[in-house]
Amino acid sequence: MPYMEMKYKTAVIGGTLTALGAALALKDDYIIIEKGAVPGFEFAHAFKAGINWDKTPVTAPGEAFKSEMEKRNILENGRISIAALPPILFNMIKNEGLNFLFWTEIVEISREGGCWKIKLFNASGLNTILAENILDTTSGGVFGKFASSLKMKKINAVLNGTGEISVPENAEIVDCRFPSEKIFSVSLDLKDDWPSARKKLFDAFISGHHCMKQWRIAATAFTFDYSSEKGPFMSDEKWTRLPSTGYDNPLAAFEGGFTFEWEK
Amino acid sequence: MILSELHNGKNLKTETEKLSFDGEFDVVIAGLGTAGSIALISAARRGLKTLGIEKLACMGGSATAGGVTGYYFGFEGGLFEEIDEKAKVLQAGYMTEGGTFHADAKKYVLEDEALKAGAEISYETSVTGVFLEGRRINGVRCLTPQGIKNIFCKILIDATGDGEVCAIAGCEFIYGRASDGCSQPYTNVRYMIKDNRNSMSNFDAGYINPLDGESVSCGILKGGCLHLKDRFEEDGRIIFAAALNGGREGRLIAGDECLSFDDVIHGRVSDKPVFYEYSNHDTHSRDWAFESEILQKWLTVANLWGQNFTVPVPLGTMIPRGYSGLLSAGRCISLDHDMAQSVRMQRAMQKSGEAAGTVAALSLKMNLDIRDVPYELLRDELLKTGCLNVSFNGVLEQIKDAASLKEILASVHPGIAIWSAFISKGSFEDKLSEWMLSREENLSKHSALALGLRGDRKALPVLRRIVLERDMFIPDTKRSLRGRRMASAIYLLGELEDAELIEELAEIFKSDLPFDIRSNALAALLKTASRKPEQRERISSLLLRILYSPDFKIELLMKVDITVENMTGYCRIFVAKHLDAWGIKHELGRMIKKEKLSLREKNLNRVD
């Protein structure tokens, strides 16, 4: 259950896979602040399946996480049904008692004494907490301060269908856990906004549809598929950036967060 | 100029120095969900310089990000029909089948139409403050992905669903029901592919307080957990986890006009609607014994949960009282809690958005306050698109002749007859008394329910018989939520302050009979004791004996039977509050662990 206290040792920004791993290592005196309603959104809501799943987990929690995904049939031979990841993450948060605050945005961060003063906004309105350390796991940093460190940006859609599928020129197709499920991915300019991105996605799909007539869009992503530089980056001795999208896949991001905090 | 904000749930107004705005608009719409998306397009198409602000990265709210891709009643007609038609074309060509509309097709079309109309959209943006000159809207402070921005606007439309922006502005509002301050359950939709078609499963995940950040967060976690399966299969796989919780009831603003269920169901309605709602009283709460008296009569006695009725909604419900340049659209308009269960369906909420966008445009073009826009002009605009349907034939068709009344009372779905008899007090009395003596079981018992509802103690012998027989008859209304005749009779025993079955009702409360029966038994006992002080010691003693038992347990199964709400502590607190009010000593406080109270128990504990 989340709790709002005045001061924490660590404020983790972004309810990402990296944040989840970090929280397991931190154990207590932290809070994870997520503006949305889905943990691991940077993969699950971006429909970003990830790559290099064949690498063996290096941590015990990572082993357990991979094992659970396989046991629940969402991951097999490096192919994942990414939309099924959130329920597993939600239950991890509940079972491990992780201090996760959903639907909460960061308004401002300033220095107060030896701490970070973090102004939050959620259904209660404005609130302030203090934290000694910040671990920022978001892609481009709070308020997009580090957007320039983003390497790549895509917009994805989940397809449903059967039969032949040819990859259109301006897109990629990613196989998923189940044969009738694929991800359709279109590269963007970093400056593409949502309307422009959606238009590119639909234009690419529609123009290429004649090569994959039995395939249709089931859903389009809620967040962009980013690739970031791999952290950690120390903006300040007490502020570390560890973008979750710097990792190849959800498991690597999870282990990255865990390892970072565990080895501190 | 004043900056009005919410700080930890409390409204705070501070004087600000003159500041330069980062943008200026005619209309800002906060929240581009069901109502807001249509408000944005409606206002922009009328030539206004409009800005839509949305926390997520898409338009459409519940219909798109929330996965609710079907309509539940409501009337057709209005701008949203055009959107749905365009979405259908896109879906037919390129998207998976299923649903009344495809979430992503609608998402795309809404955005496309808004931009074509010249609207600007700021995604991943929230309103954190409202600028006011006195009580006149001047603009908003927003949190955007690039930081804080101050935006000037002439009119601000709150389409946030939970009336967030109105609360930030300092508007009055109500929240929850009188008995325990709680609203109805929320949902967390499972949006999936089944048999190669998009499909959704909508269920009650529990209760939250949408005014409290921690409660919202807990609700998101709890709802998300419910989608876990031992093994995910290809068919029935999740397409996406809902990007927002399915709230059904939040703040209800205090508007220039307020719609109450009592008024509406008695036909006391406005003749100047801007749209109509058409639905049943779609409460997802199953603890009707703690709802208002009028609702209990409708739901528990007449069993009319499934009965649809028409609600004319006037503009005054969308204008926060005392403010200028501010409108609300969607489910946060000015309704009482009872009415809020009905006036919230997607079609009507889209109409609400269209009405807001339209009146905003008329107001600015005519240089009039929103309140001064002639109704006839607004009506004509809304008639053009079909947002306002012409033929209103009354809220609810009732039975007025004795022959029909008798026929329906004698049937297996007597609800509307029971209600018609209740509404037409002064008529049918002799007939009802005569029919109550009939040998036809349904005619006799349903006539007794009708008489009891009218406050006629002649009904008591038959009502007692229904209870003693443990009559579990459920009317055949072909709708999902229906109560047992025994619960109806128990409610009326309380209304009529019957002292003869006090011990029996206590036994029923203690038993393992279904929740609706047990909870009504408790409520009836407390009502009798409230109205008859001479019965308080007797009733208190019976209840305490039951509640003191560590084995006492009472649970409520929520809709779609996935979530169970433990009502044991709730009932102890409910009784404790009554005993405290009567000055009767008890030890229930020892059994109520304050640090472990559920949300609803905490709320109940706070209510006087």
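What follows is a short chat about a predicted model with chains A and B.

Reader: What are the ground rules for this model?
Author: The model is predicted, so local features need pLDDT of at least 70 and side-chain atom pairs count only at pLDDT 80 or more, while totals for chains, interfaces and linings use all residues. Residues are numbered from 1 along each chain as its sequence is written, chains are lettered from A and ligands numbered from 1 in written order, and side-chain values use heavy atoms, with hydrogens and water left out.

Reader: How many residues does each chain put into the contact?
Author: Chain B gives 69 residues and chain A gives 60, where contact means heavy atoms within 4.5 Å.

Reader: And how much area is buried there?
Author: About 5600 Å² between chain B and chain A, 61% of it on carbon and sulfur atoms. Buried area is the accessible area (1.4 Å probe) that two parts lose on being put together, summed over both.

Reader: How many salt bridges cross that interface?
Author: The rule finds 5 between chain B and chain A, taking a side-chain nitrogen of Lys or Arg within 4 Å of a carboxyl oxygen of Asp or Glu. A:Lys35 forms a salt bridge with B:Glu124, with the closest N and O atoms 3.3 Å apart. Over all chains, the whole structure has 66 salt bridges.

Reader: Which helix of chain B gives the most to the side touching chain A?
Author: Helix 5 of chain B, residues 213–225, with 9 residues. Helices are DSSP runs (H or I, at least four residues) and strands are too (E, at least two), numbered from the N terminus.

Reader: Why are B:Asp104 and B:Lys107 about one helical turn apart?
Author: Because they sit 3 residues apart in helix 3 (residues 103–116) of chain B.

Reader: Switching to chain A, at what angle do helix 1 and helix 6 cross?
Author: The axes of helix 1 (residues 17–26) and helix 6 (residues 250–262) of chain A cross at roughly 35 degrees and come within 6 Å. Axes are lines fitted to C-alpha atoms, for helices over the stretch in contact, and angles run from 0 to 180 degrees between N-to-C directions.

Reader: Which residues make that contact?
Author: Among them are A:Leu17, A:Gly21 and A:Leu24 of helix 1 and A:Phe254, A:Gly257 and A:Trp262 of helix 6 of chain A.

Reader: What about the backbone from A:Gly231 to A:Pro232?
Author: That peptide bond is cis, with omega near 5 degrees. A:Pro232 is in the loop between strand 13 (225–228) and strand 14 (233–236) of chain A.
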